[in-house]
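Please look over the structure shown here. The report starts with charged pairs, then turns to strands and cores.

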Amino acid sequence: MWLLLLFDCLVVPLTLGAHHPGVLDFPGTVSCHPDKMLTQFPREFRNNSWQVHVVDASGKEIVDCDYVMDNKKLVLITPYVNCTQLEHEQHKLKLMINWTDAEEDNVTYSIGCNVIQADDIPPFFTGATNCTKDFMAVTFPRLIPSFSDEYMTAESPVAWILSIDEGTRTHRLSLGQAMQQGYTFLTDGHDLIFQVSFGATGVLSYKQDDQVVYTVAVKLAYGPPQRRLTVESRMICAPGPVTCNSTHMTIAIPAFPGTLAAVGVEDQNVPMDQLQTNRIALDTKRGIKLHINKRILKSKPYGENCLGLQFYMSSMKLTFNFHGEMVSMVTYPACPCDQPAPVAAICTQDGHMNFEVLADRTNPPLDLDTLRLRDPTCKPVFKSPSNNMVRFHVPLNKCGTRQMFEGGRIIYENEVSSLRADLALHIISRDSEFRLTVVCSYSNDDASLSLRLNSLPPPVSSINQGPLSLLLLTYPDNSYMQPYSDNQYPIVKYLRQPIFLELQVLNRNDPNLHVVLDDCWATASEDPSSLPRWNIVVDGCDYELDNYRTVFHPVGLAVSYPNYRQRFEVKTFTFVSGDTALISLVYFHCSALLCNRLQPDFPLCTRRCPLSRSKRDAGLQGENSAVVSLPGPVLLMPREWSATQEKTRLSKGTWTTITVMAAVILCAMAILLVMLFKSLKKRAVLVNAVC
């Protein structure tokens with residue numbers, strides 16, 4: 001016989017508090033439900049800043065408690081599972097209130113919901129969805145027969161039934177049918193695992209760009225109708241992948257009928273109003289995007305197939321209000337490999353170098369069409385259909401290959417590169433130059449090849465450089481009196497109009513330090529590492545390939561700490577497509593570092609233009625450098641738009657003037673006609689009188 005605890009559904013005013021030392025009666029109301037309790041905090045709590053924690057009897061936070069706090073309604077939703085303890089036929093919940101803006105001590109409240117025995121068996125609700133790149137799954141305790149028992153009693157009327165709710169229809173499948181349609185059932189010790197593939201029957205998907213979110217509402221039932229045990233779950237999963245740049249990891253979720261209600265990072269719940277404080281930026285303009293600063297991520301070596309470190313998060317829990325329910329998913333975001341390990345290369349006995357170059361050797365991917373050997377007439381012998389790999393077959397006596405002798409060995413060396421200096425002036429430069437040196441050395445009895453990769457990286461971000469905080473602003477004019485506010489973006493500019501920019505260092509006051517510009521550039525997207533890109537400042541100097549050079553303005557003494565500001569002016573430009581200028585949003589970015597006036601450690605600290613590339617590389621290794629972007633984009637328009645609009649305005653003004661003049665002339669003519677008519681009539685009267 002099943003013995004079950006069912007909870008009264010009631011509203012409890014000033015609910016049942018346990019009178020223990022340090023534990024107070026709760027000053028609000030509680031609503032008890034079969035699987036959870038809803039705690040309503042009093043209105044007075046709106047006047048203070050506070051945080052709530054579910055704690056155990058010892059006052060330690062229960063990290064496994066899957067609660068949701070609605071800050072607007074001041075309602076805490078707490079499931080009984082993992083959050084409460086059963087004491088004297090009551091489900092006990094203890095809440096600790098942490099006052100963050102007052103000197104008051106933390107307080108602990110005890111709340112209880114009565115339980116009674118019943119003959120009906122309420123459904124068991126599973127927890128968060130385990131979301132992977134291949135499937136989604138939920139786990140629940142093995143309180144009922146395992147799935148393998150199904151086959152042992154296949155002829156018995158007591159069997160598993162899976163119901164799948166699509167909204168407009170419901171599928172009812174047996175265990176065998178479900179396994180044929182994308183559902184998997186596993187046993188793990190004392191737990192049962194329910195696993196769903198993304199293409200399974202009844203799974204709904206919401207897509208946007210290259211991102212997708214999957215969801216399905218299922219109900220597992222076991223037993224006869226009069227004593228049926230059910231397990232219910234609304235599963236949700238956004239498998240990614242995530243994207244990463246030099247400073248942030250981005251998790252993107254397409255728009256769907258759900259709103260983000262809670263965020264958990266590993267074992268910590270992050271309040272929605274404190275995401276920014278915890279280095280997480282939330283963007284809900286188009287779907288949901290979480291931009292996570294790499295400072296809070298972990299790192300580890302990729303392994304043998306990739307170089308460098310991989311940034312990742314052990315787990316992230318996202319909770320959504322979806323169709324009136326709170327549903328959660330747990331993901332394990334990790335940055336993809338952006339620096340693959342070197343590929344195999346061969347030096348042949350017939351006098352050739354065979355090697356490959358992959359597009360993803362740089363970030364963003366390398367444009368393989370720009371690769372050149374020392375002799376640019378020598379081309380790759382193979383290019384992959386997906387344009388992500390080229391293969392070279394280089395003769396040792398051609399294509400600019402050099403020969404030298406070293407002891408008893410003959411060494412052949414060539415270089416394949418993609419450099420800014422090799423590109424046409426109208427082509428926008430990329431984030432990093434690429435240089436691959438290939439060396440073959442021959443002796444009497446062997447042949448060997450070595451690869452040396454010199455990839456010049458984009459500006460180093462603040463992720464490895466220490467706590468330097470920068471701000472990039474733009475001003476209406478060169479007085480630099482009042483910058484544009486965030487709500488004024490995008491700022492509209494026409495071609496060749498000046499843009500007045502200022503870089504500031506925040507939270508520093510050491511008079512011996514000063515900020516030095518490294519690079520400044522513009523992109524067509526928010527990502528500083530994206531393409532296309534155009535340089536504005538290079539190595540602290542104006543960009544020599546630009547016909548309209550950047551102008552640097554001195555910072556006067558009218559501002560506080562002028563040594564922590566840099567001002568400069570750039571003439572507005574637009575990205576082009578062929579011979580046509582595009583109307584586009586352009587984003588501006590800068591990298592900078594702090595220098596010590598007393599000890600100028602790096603070449604950039606004593607800027608002399610132009611600065612050599614080797615000096616730049618040395619300068620960027622300081623600990624106080626960072627990358628910053630404008631708060632919003634600039635909308636760049638060709639000058640023809642301004643001229644056309646001006647002509648339109650002049651044309652309208654001209655027609656207005658003509659219309660007014662015509663009206664005046666007509667009125668004058670009418671007056672003259674009236675006066676002439678009256679004069680003729682008077683003369684006619686006089687003539688009749690004489691006669």
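The side chains of Glu356 and Arg391 form a salt bridge, with N to O at 2.9 Å. A salt bridge here is a side-chain nitrogen of Lys or Arg within 4 Å of a carboxyl oxygen of Asp or Glu. This pair links distant parts of the chain: Glu356 is in strand E33 (residues 352-358) and Arg391 in strand E35 (residues 389-395), 35 residues apart. Strands (E, at least two residues) are DSSP runs, numbered from the N terminus.

This is a predicted model, in which local features need pLDDT of at least 70, side-chain atom pairs count only at pLDDT 80 or more, and totals for chains, interfaces and linings use all residues. Residues are numbered from 1 along each chain as its sequence is written, and side-chain values use heavy atoms, with hydrogens and water left out.

**Salt bridges**

The whole structure holds 13 salt bridges. Three of them are tabulated here.

| Pair | N to O distance |
|---|---|
| Glu356 and Arg391 | 2.9 Å |
| Glu413 and Arg374 | 2.5 Å |
| Arg565 and Glu502 | 3.3 Å |

Glu413 lies in strand E37 (residues 409-418). Its partner Arg374 is in the loop between E33 and strand E34 (382-383), 39 residues apart from Glu413. Arg565 lies in strand E47 and Glu502 in strand E42 (residues 498-505), so the pair ties together parts that are 63 residues apart in sequence. Salt bridges with shared partners join Glu502, Arg565 and Arg567 into one network.

How accessible are these residues? Buried means under 20% relative accessible area, exposed over 50%, and partly exposed in between (1.4 Å probe, protein chains only). Glu502 is buried at 0%. Glu413 is buried at 12%. Arg374 is partly exposed at 27%. Glu356 is partly exposed at 21%, and Arg391 is partly exposed at 32%.

**The sheet with E42 and E47**

Four strands form an open antiparallel sheet in the order E40-E42-E47-E46. Two strands pair if DSSP finds at least two bridges between them. Strand E40 (470-475) and strand E46 (551-553) are at the edges, each with a single partner strand, so one side of each has no neighbour in the sheet. E46 and strand E47 (residues 565-571) pair over three bridges. Phe552 has Phe568 in E47 as its bridge partner.

**Strand E20 and the cores**

Which residues touch the most other members of the largest nonpolar core? They are Tyr183, Phe194, Met316 and Phe320, in a core of 55 residues. Such a core is a set of buried Ala, Val, Leu, Ile, Met, Phe, Trp, Tyr and Cys residues joined through side-chain atoms within 4.5 Å. Strand E20 (residues 211-222) gives the largest share, seven residues. Domain 2 (129-237) and domain 3 (243-331) both contribute, so the core lies between them. Domain bounds come from an automatic or database domain assignment. A second, separate core of 35 residues includes Tyr484, Val505, Val515 and Leu594.

E20 is mostly covered, with eleven of its twelve residues buried. Its pairings are antiparallel with strand E15 (residues 160-165) over six bridges, with strand E19 (residues 204-208) over five bridges, and with strand E21 (residues 229-237) over nine bridges. Trp160 has Tyr222 in E20 as its bridge partner. Tyr206 stands opposite Val213 in E20. Tyr214 has Cys237 in E21 as its bridge partner. E19 and E20 form a hairpin with two residues between them. In that turn, Asp209 has a positive phi of about 55 degrees.
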